[in-house]
Amino acid sequence: MNIFLLGFWILSFLCAVSYIYTRTTLSAITEVGFVQFQRAYLVVYLLAMAGDWLQGPHVYALYDSYSMTTHQIEILFVAGFGSSMLIGTVVGSFADRYGRRANCILYGVLYGLACVTKHFNNFWILMVGRFLGGMATSILYSAFESWLVYEHNKRGFDQDLLGNIFSNAILGNSLVAIVAGLVAQFFADQFGFVAPFDVSMAVLIIMIVIIIFTWPENYGDKTSNFKQSFSNAMHSIRTDSKVLYLGLIQSLFEGSMYVFVLEWTPALTPKAHVTGASAKRHLLEDNEEHHGTIPHGHIFAAFMVAVMFGSSVFKVLSKFTSIESFMRPVLFTAALTLLTPILFPGNQAVIFTGFLVFEMCVGIFWPSLGTMRGKYVPEETRATIMNVFRIPLNLLVVVILLQNLPINTIFLCCVFFLFLAAFFQHLLFQSYEKIKMSSPTTDSAVVKLKEDEADIAAAAAADSKQEQVV
């Protein structure tokens, strides 16, 4: 048994044990209203993520089958990040004014149209598809969470339950990723590389229908235009250090994560199969050179199980200490794990172990970030603020990947970014402690602020006469 399968089975066992532990030792959630609300969100969210996962494995293969050059494919990939950074920020910010539910539907429409473009062996049509996909990605990582936090607060559910939803979302997302990969491979083998995109489009259509019939609409500040909304978001970032710290943590961690996604293949490929691993190279050349030299499917499955394990660890940690506190060692650990390909080049076992720990940190990071944003980011400009910080996030990825840097330098950049993220997390923890010490009760003053915000949201909801989630 190779080390990749061994890692998968060990993590699967740990994941099962942690799941059983959290189910038996942590108090079960029995509130019917919350369970129904959580189900209504997770069904839609996981369909949205499935639409994304179904496309990922075969984007490069499809472009290659169209006889695109490596340089053309590089341009298409960079266009996706650039679109998400610029156009996607504007489109994603529309959620606050025109509605988060409407923006989530727009995600399905844009990504569905991007799937249609994959049927055309034309560089410029495929470029349009990349632009549409970039815009959709910005919506995926802002509007859905914004809708969830508003509805959660409006219905008066306990703030701690928000972390439970995020944790279950990450757990489900990892399972969806594995299943989507298998489904995509089956359809690609049977009908060609464009087939997974058709399956994705069908999933997105189902998601849109469910949103229409089960989700009520909610808004941020409906009265402000984009310029005013952007101005309000920047004001919140300048005047509230907690929002600034959270945004920087998001940009630094996610930027490192996206770079890692493109770099783990050459880092794990044995030196015997690599020509000049430390030499300068084009962004996507390694994907061609290393194809088939390592079991990508086994490694990806192990990564996803590690993320699932991390989501269970989040539930345990959040019961014993604050998220603001335990995220400091988590981010510090994530930085150390990406030192493994630098300190132990060619050592597959050590590097793979380090990468698994990094993915576990990813599983802890996502529900933690979502919960903290639910506490600190103002409701009226939530989606706008989240998209503002996607600008430096995508910029980091584009700049690093276009420099043709040696792989060791790329990982050093990621380590530096993650150490910075840990530093800003420590500053956020200090702010949290100051608020907690100034509060006359044992509860954080942050929770009180969110309760006040929930009252405002409920009043706004009453005025708009919104329907309830089925």
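A residue counts as buried when its relative accessible area is under 20%, as exposed when the area is over 50%, and as partly exposed in between (1.4 Å probe, protein chains only). Keep that scale in mind as we walk through this predicted model, in which local features need pLDDT of at least 70, side-chain atom pairs count only at pLDDT 80 or more, and totals for chains, interfaces and linings use all residues. Residues are numbered from 1 along each chain as its sequence is written, and side-chain values use heavy atoms, with hydrogens and water left out.

Let us begin with charge. Side chains of opposite charge can pair when their charged atoms come close. A salt bridge here is a side-chain nitrogen of Lys or Arg within 4 Å of a carboxyl oxygen of Asp or Glu, and the structure holds six of them.

Find Glu151 to see two of these pairings. Its side chain meets that of Lys154 in a salt bridge, 3.2 Å from N to O. Both residues sit in helix α8 (residues 143-154), three residues apart, which is about one turn of the helix. Helices are DSSP runs (H or I, at least four residues), numbered from the N terminus. Glu151 also forms a salt bridge with Arg155, where the closest N and O atoms are 2.7 Å apart. How accessible are these partners? Glu151 counts as buried because its relative accessibility is 0%, and Lys154 is buried too, at 15%. Arg155, at 22%, counts as partly exposed.

Now move along the chain to another pair. Lys375 and Glu324 meet through their side chains in a salt bridge of 3.2 Å, N to O. This pair links distant parts of the chain, with Lys375 in helix α17 (residues 348-376) and Glu324 in helix α15 (residues 323-337), 51 residues apart. Both Lys375 and Glu324 are buried. As for Glu151, Lys154 and Arg155, salt bridges with shared partners join them into one network.

Next come the nonpolar cores. A nonpolar core is a set of buried Ala, Val, Leu, Ile, Met, Phe, Trp, Tyr and Cys residues joined through side-chain atoms within 4.5 Å. The largest has 77 residues, and Leu268, Phe303, Met327, Leu338 and Phe355 have the most contacts inside it. Helix α20 (residues 407-438) gives the largest share of this core, 14 residues. A second, separate core of 46 residues includes Phe34, Phe37, Leu140 and Leu148.

Key: Helix = DSSP H or I, 4+ residues; strand = E, 2+ residues; numbered from the N terminus.
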